[in-house]
Amino acid sequence: MENIEHKHVEVKGLKLHVAEIGCGPKVVVFLHGFPEIWYTWRHQMIAVANKGYRAIAFDFRGYGLSDQPLEPEKATFQDLIDDVVGLLDSLAINKAFLVGKDFGAFPAYLVAAVHPERVSGVVTLGIPYILPGTNSIQNHLLPEGFYVARWQIPGRAEADFGRFDVKSVVRNIYTLFSRSEIPVANENQEIMDLFDPSTPLPSWFSEEDLSVYASLYEKSGFRYALQVPYRSLSVDIGISDPKVNAPALLIMGEKDYCLKFPGMEDYIRSGTVKQLVPDLDIIFLEEGCHFVHEQLPHLANQLIITFLDKHSTAAS
């Protein structure tokens, strides 16, 4: 970890915090989800750097040590596309592999769709290719207390989270979302109430890890994170041709709660997702949860590196 270098890169008037290791000509850019941050990729960055790749992970705007935009409530997934492309431009990188986890899968695929010349390949973990828009996640097919629906209500998550310090919020979410069941609150509950304080952290997530996450979210808060992804999920950003022709890999844990979203497992297992990503390989990990890259890092690293090596001849 001490060999990872940190700096800020300006993109569209905002300074984005960038972590980097490795100096190979072939570049891998890692895109975090929520409640993650650049640090979520610590295992993968070191592994790919050791294999000769240049590994870059950054905090999206509004997250961690990156700048906050002036009007977070107007943000959409287009901003994350701009972050990725702007970062590549600022670092003079022509082409890169994109590896996205959770909502980081959205910009990974969207950049590949809109700027195919910039993407050597796409790996996503926990989320397949889904376009933002009214059909992205169908809240109406889940109970009212579904966490996405709750967090989309302005002020509700802020009040829920605000009862706790930042470290407790991150602890609660990491623990709750490591389970195989979708977090759903009862009518008289909030999402944070689902957490049992006696529940220990997952075995693969240390108190030190938690402290790093907490320190970064103490800097940024959750204001932007609640807008992107949650409150902007239904916003169509107007991509006319969403097809991705780059080679792609989807890694899903069999115990990932996202598989229980209405229609999600069938969308993946039936191959319907390949209508948008024809050159897609799908791998299920039997014991994997939603945080499979942190839970089973050696296995995730092996799959990612095998994919990178297979397709790196196209990278510049």
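**Entry 1**

I looked up Glu10 and found it opposite Lys15 in S2. This is a predicted model, where local features need pLDDT of at least 70, side-chain atom pairs count only at pLDDT 80 or more, and totals for chains, interfaces and linings use all residues. Residues are numbered from 1 along each chain as its sequence is written, and side-chain values use heavy atoms, with hydrogens and water left out.

S1 and S2 run antiparallel and are joined by 7 bridges. Two strands pair if DSSP finds at least two bridges between them. Strands (E, at least two residues) and helices (H or I, at least four) are DSSP runs, numbered from the N terminus. The hairpin of S1 and S2 has 2 residues between the strands, and Lys12 takes a positive phi near 50 degrees there.

**Entry 2: the sheet**

I traced the strand order next. The sheet is open, has 8 strands and mixed pairing, and reads S1-S2-S4-S3-S5-S6-S7-S8. Strand S1 (5-11) and strand S8 (280-285) stand at the edges with a single partner strand each, so one side of each lacks a neighbour in the sheet. Neighbouring strands are turned by 20 degrees against each other on average, direction ignored.

I then checked S3 (residues 27-31) against S5 (residues 96-101): they pair in the parallel sense over 4 bridges. Val29 has Leu98 of S5 as its bridge partner.

**Entry 3: helices on the sheet**

H2 packs on the sheet and touches S1, S2 (14-21), S3, S4 (54-58) and S5. Contact means heavy atoms within 4.5 Å. The direction of H2 makes about 110 degrees with that of S1. Axes are lines fitted to C-alpha atoms, for helices over the stretch in contact, and angles run from 0 to 180 degrees between N-to-C directions.

I found H11 (residues 297-311) lying across S3, S5, S6 (119-125), S7 (248-253) and S8, at about 170 degrees to S7.

**Entry 4: H2 against H3**

H2 (residues 77-90) and H3 (residues 105-114) pack at about 70 degrees, with axes 9 Å apart. That makes H2 roughly perpendicular to H3 (65 to 115 degrees). H2 brings Phe77, Leu80, Ile81, Val84 and Val85 to the contact, and H3 brings Phe106, Pro107, Leu110 and Val111.

**Entry 5: H6**

Last, I looked at burial in H6 (residues 166-176). 8 of its 11 residues are buried, so H6 is largely enclosed by the rest of the structure. Buried means under 20% relative accessible area (1.4 Å probe, protein chains only). Among the buried residues are Val166, Asn172 and Tyr174. Their cover includes H4 (147-151), H5 (156-161), H7 (207-220) and H10 (292-295).

How values were computed. Parallel < 35°, antiparallel > 145°, perpendicular 65-115°, else oblique. Buried < 20%, exposed > 50% of the residue type's maximum accessible area, 1.4 Å probe, protein only.
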